[in-house]
Amino acid sequence: MDWNQPEILPLSKFKEMRHTSPVHFLDQGEVWDLYRYEDVKEAFTNYAIFSSQGSENPKEPIDSSILRQDPPKHRQLRMLVSQAFTPRVIEGLAPKITSITHALLDEAEQARSIDALTSLASPLPITVIAEMLGVSIEDREQFRSWSDALVGTDHEAYLKAQQEMTDYFNTIIEERRREPQDDLITNLVQARVEGESLSEIELIGFCILLLVAGNETTTNLINSSLLCIDSLPDVREALLADRSLIPGTLEEVFRYCSPVQQMFREVKQDVELSGQVLRAGQFVRMWIGSANHDETIFDQPDQFHMHRSPNPHLGLGSGIHYCLGAQLARLESRIMLEAILERFPHFHRDREIPLERTDSQMMFALKRLPIHLY
Ligand code: HEM
């Protein structure tokens, strides 16, 4: 990859840590960094020891969301929300996603030179989730700024966004209770498992989670896919000759530049991992980005192999919290890549403008991706 420098993707640092200090203690905040695949996978799957549980009495909606629950509560929430994410529901969105994608490309075609991030990769997932939730498309810009604030580093902005989203979704939930519509919020309001429904704060938490979990992540996957195709002429040629190679290529993008680079868990019981003793009450930071380049699992991990099989990457997590939106993210990204390759097979990146990552360690996100459409 011509852009593969440490400040963009710290592969050499990950490799060094996997070999010298794979379970590495950071005094500040009592956090252990996990770099090896097996350790990261263990933390994802062994929920009895590595807990996702947020506060016992959550005051912020996002703390009551499915992402911050352990069983049995997690199981119940997952059953409720899975009803709205069945493979049939997701496949049914394909025509809508295709038409949104082509409308974005029509607009981009006028300009020819665009920022793929702001013109394509970001608006697609936001528009799709807004459609699914049944909220006004006019609020798309507002969604984007809330979404940015929730994954950013400014705590004030984070709290403000959460309050504004709570007020916003409260109003919509009330409207859907009075007048049900054919949309995700209505489905969530009506969903029942063993007679139980989602509480107010859980409903709001889930809406907020969908906006955050579904937007920034898919945006970055699409952006990174374009970056990889632009850098690898062989990959572009193969995809142009055979579109059925797109899904496998996307899996390799999930692995190579994982959109979510890290997740956290709290240690519930003392446990030994790669020779270190982790104490209850401490935290682990699971470096997905490093696990996905672990040479004990992946041959030539720092090479991009579009035909890699098997490809057991952890880019979408593993275990009970495995990404609920995985099929949606794959569908949106596949449709976008198919459309770009069909309409602008020779698109290329403007190399005059240096690549820059955002300051988030959690996400692999570029500040911009200027491309010319040909
Ligand atoms: C490229 C796109 C995406 C990536 C890389 C991604 C990544 C992840 C990861 C790593 C997790 C596991 C979190 C954990 O174990 O703590 C997760 C969970 C989740 N994701 Fe995604 N995600 C993507 C797209 C989406 C989309 C499009 C949606 C929905 C619209 C979504 C909704 C969720 C939800 C609700 C969870 C929590 C599931 C649970 O706790 O049971 N994600 N995602």
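Predicted model: local features only at pLDDT ≥ 70, side-chain atom pairs only at ≥ 80, totals over all residues.
Ala, Val, Leu, Ile, Met, Phe, Trp, Tyr, Cys and Pro count here as nonpolar, Asp, Glu, Lys and Arg as charged, and the others, Gly among them, as polar. The structure holds one cavity of 30 Å³ or more, and the volume of the largest cavity comes out at about 40 Å³. Around the largest cavity sit Ser 64, Ser 65, Ile 66, Leu 77, Val 81, Leu 198, Glu 202 and Phe 206. Sorted by type, that lining has five nonpolar residues, two polar ones and one charged one.

Five strands form an open sheet in the order E1-E2-E8-E5-E3, and the pairing is mixed. Strand E1 (23–26) and strand E3 (50–51) are at the edges with a single partner strand each, so one side of each has no neighbour in the sheet. Further in, strand E2 (residues 31–34) and strand E8 (residues 283–287) run parallel and are joined by four bridges. Asp 33, for instance, has Arg 285 in E8 as its bridge partner. Helix H2 (residues 37–45) lies across E1, E2, E3, strand E5 (262–267) and E8, and runs at about 125° to E8.

As for where Cys 323 sits, the spot is the loop between helix H14 (288–291) and helix H15 (326–343).

Definitions and conventions. Residues numbered from 1 in each chain as written. Heavy atoms only, no water. Helix = DSSP H or I, 4+ residues; strand = E, 2+ residues; numbered from the N terminus. Pairing = 2+ DSSP bridges. Contact = heavy atoms within 4.5 Å. Axes fitted to C-alpha atoms, helices over the stretch in contact; angles between N-to-C directions. 1 Å grid on protein atoms, 1.4 Å probe; cavity = no way out; pocket = protein on both sides within 12 Å on 5 of 7 lines; lining within 4 Å. Points joined across faces, edges and corners; volume = space filled by probe spheres on them.
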